[in-house]
Amino acid sequence: MQLKLKILLSVLTFTFLASCKDNQKYTIESPDSKLKVVVGLNQQNCPTYSIMYSDKMIVKPSTLGFEFKDMPNLDSGLKIDSARKSSFSEKWEMPWGDQRWVDNTYNELKVYLSEYKSPNRRFALTFRVFNDGVGFRYEFPEQPAMDSVVILSENTMFKLTGDHMCWWQPGDWDIYEHLYHTTPISQIDAVNSKSKNPLAQTYIPENAVNTPITMKTSDGIYLCFHEADVNNYAGATLRVDTVDFSLETALVGNDSGVKVKTKTPFNTPWRTIIIIDKPGEIVTSKLVLNLNEPNKIGDVSWFKPMKYVGIWWEMHLGKSSWDMASGKHGATTANAKRYIDFAAKNGIKGLLVEGWNTGWEHWIGFDDREGIFDFVTPYPDYNLKEVVRYAKSKGVSLIMHHETSAAPRTYEQQLDTAYRLMQSLGIHSVKTGYVGKIIPKGEYHQGQWMVNHYRKVVETAAKYHIAVDAHEPFKGTGEWRTYPNVIARENFRGQEFNAWSIDGGNPPEHLTILPFTAQLAGPMDYTPGIFNIKLEPYKAENQVNSTLAYQLALYVVIYSPIQMVPDLPENYEGHPAFQFIRDVGVDWEQSLVLDAEIGDYIAIAREERNTGRWFVGAITDENPRVLTIKFDFLKPNVKYRATFYLDGPDAHWDKNPTSCKIESYEINSASEVDLELAPGGGAAISIFPL
């Protein structure tokens, strides 16, 4: 059961009687007074807000409004009726996560507005100001003038103060499997920056970027734009004005032009901006998570964070296939038992099997994909019940796999049947997939229709005590607080691209950007830990663009409560560096960013829950560098045994990626060490109290 410890709950309310003047302004500050938000009306009586950080303007006065179908726009002719301030503070415990306790402290301003003239519609703007940023949303009560609502556009502006450096990817309505670009705002060209993913059906209708997007101002302030608690609403991209340096919410729609169809009462998602002056605080921010509702499903102790192996990477390499007709089917009973034996031998608790159920011969590239998978019938060479029995006898749990081939109506028809089967077998986790263009035609992965589908899957799964790892998902917006059976997502370009992408795979800098961008959307199933870097003998034209030590470090740098051990078992057998993967934790008491520069390098330390063990991961981009690590986060007067997994002296992500050295010696809280990272290299450290 999720525990909540309230250390302070003070709701201080002040109501202002508005006098219908155009110059009304209301101000709310963060608890530490560093951030200030001003809300008011402009000369057209349109709502505006601005944000100051350390007495510097960070978001200039920006307008707010809507365009509706069969209803006047809501962007002028408004008055402020009243406003209310309040404060709130609590600490709540995560049932699993990258830290145990989360501080949720903010000041809130709620501004109530209405139209001067008929139809006299009413709504509220709620701003929550934290020490590390701002969240705000629109709240529409039930009212005679607004019953059924069709939103054509949400016109939420973010007017910026300069041509900031940005880490961004194109505003694709379907996928997030793009590389991030590093350019000033003025050089963003999202339409011409599509991924070369051969499986993607990309659609970028405007010069828009996906969220999360992160920026750095010329005076060293970091801004991260995203959204929180998207429910029965469309996901948002951000339309970029490269001349005026502004962003505007651009909702994902469908081919009929509708963005959102709903009824009052309703709230929009929170529009979120993390605002800080240290890049590491982006990684540890819980602003997006805090803007979601508390746990709705109760006890989730049936889900255990774990490492897992899988019949998966061998398919991406071409060693085996998902379908049986190819003659090299990977998901056989014998092969599954081989992986189970390897997992049990090495203390790995999970097994993912892809390609186990019938239908893979017709799963992609066809218009009639509905109905091809039934999610309960295995291929003849895969005995599901026997695999489950054998796994349980070895202390290993199965992770079910449900690829929908982007035909979610078929999946919805079988949700209860499929999840009852899992429940009867004692299986508590599923990896879902949505490869391809969405059926029904005209809908998109990031639109309202699919937002509601993903939510239905999560809610149904919770009834059957099943945790969901969604691939080709709707981006994460902090739902894992409300539904802690949402354990991971693939809202980024993952390891698989290194096996077959025609653009050379993920460059070394890719993982030095993701913690500051995609990771803000929640836990990431990146699948680190490839040891056969050159992919021999299967993929001579591809490789993993990092050193082996970098792959080890990713188990700490990238957070997920489920971390895959993806390479072929034979590539791990007898390798001394595999000990780090055996040891590394997946559930954390606390996480600390020791040093970071976006797109260049990052070093993170995490303390494992209930053991006192620490693990450190550090990676660099294509440039070699030396990072000084101080161990002052360790308990004083305690001795630790530290084992260092380091790049060899001649290591290089391309020329010599597997060069690795291992050292072990005693350290304490006064110790420090210089880590020499090779080009595309890294370092991983396990630290055990003596």
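Pro537 lies in the loop between α10 (510-513) and α11 (548-557). The peptide bond that joins Glu536 to Pro537 is cis, with omega about 0°. A cis bond also runs from Thr264 to Pro265, with omega near 0°; Pro265 sits in the loop between β22 (260-263) and β23 (266-267). Helices (H or I, at least four residues) and strands (E, at least two) are DSSP runs, numbered from the N terminus.

This is a predicted model, in which local features need pLDDT of at least 70 and side-chain atom pairs count only at pLDDT 80 or more. Residues are numbered from 1 along each chain, and side-chain values use heavy atoms, without hydrogens and water.

Asp55 has a positive phi although it is not a glycine, and so does Asp229.

| Residue | Phi | Loop between |
|---|---|---|
| Asp55 | about 65° | β5 (47-53) and β6 (56-63) |
| Asp229 | about 60° | β19 (222-228) and β20 (236-241) |

Asp55 is exposed, at 74% relative accessibility, whereas Asp229 is buried, with a relative accessible area of 16%. Buried means under 20% relative accessible area and exposed over 50%, with partly exposed in between (1.4 Å probe, protein chains only).

The axes of helix α6 (residues 408-425) and helix α7 (residues 448-463) come within 10 Å and cross at roughly 15°. Therefore α6 is roughly parallel to α7 (angles under 35 degrees count as roughly parallel). The contact (heavy atoms within 4.5 Å) involves residues including Tyr411 and Leu415 of α6 and Trp449 and His453 of α7.

How values were computed. Axes are lines fitted to C-alpha atoms, for helices over the stretch in contact, and angles run from 0 to 180 degrees between N-to-C directions. Angles under 35 degrees count as roughly parallel, over 145 as roughly antiparallel, 65 to 115 as roughly perpendicular and the rest as oblique.
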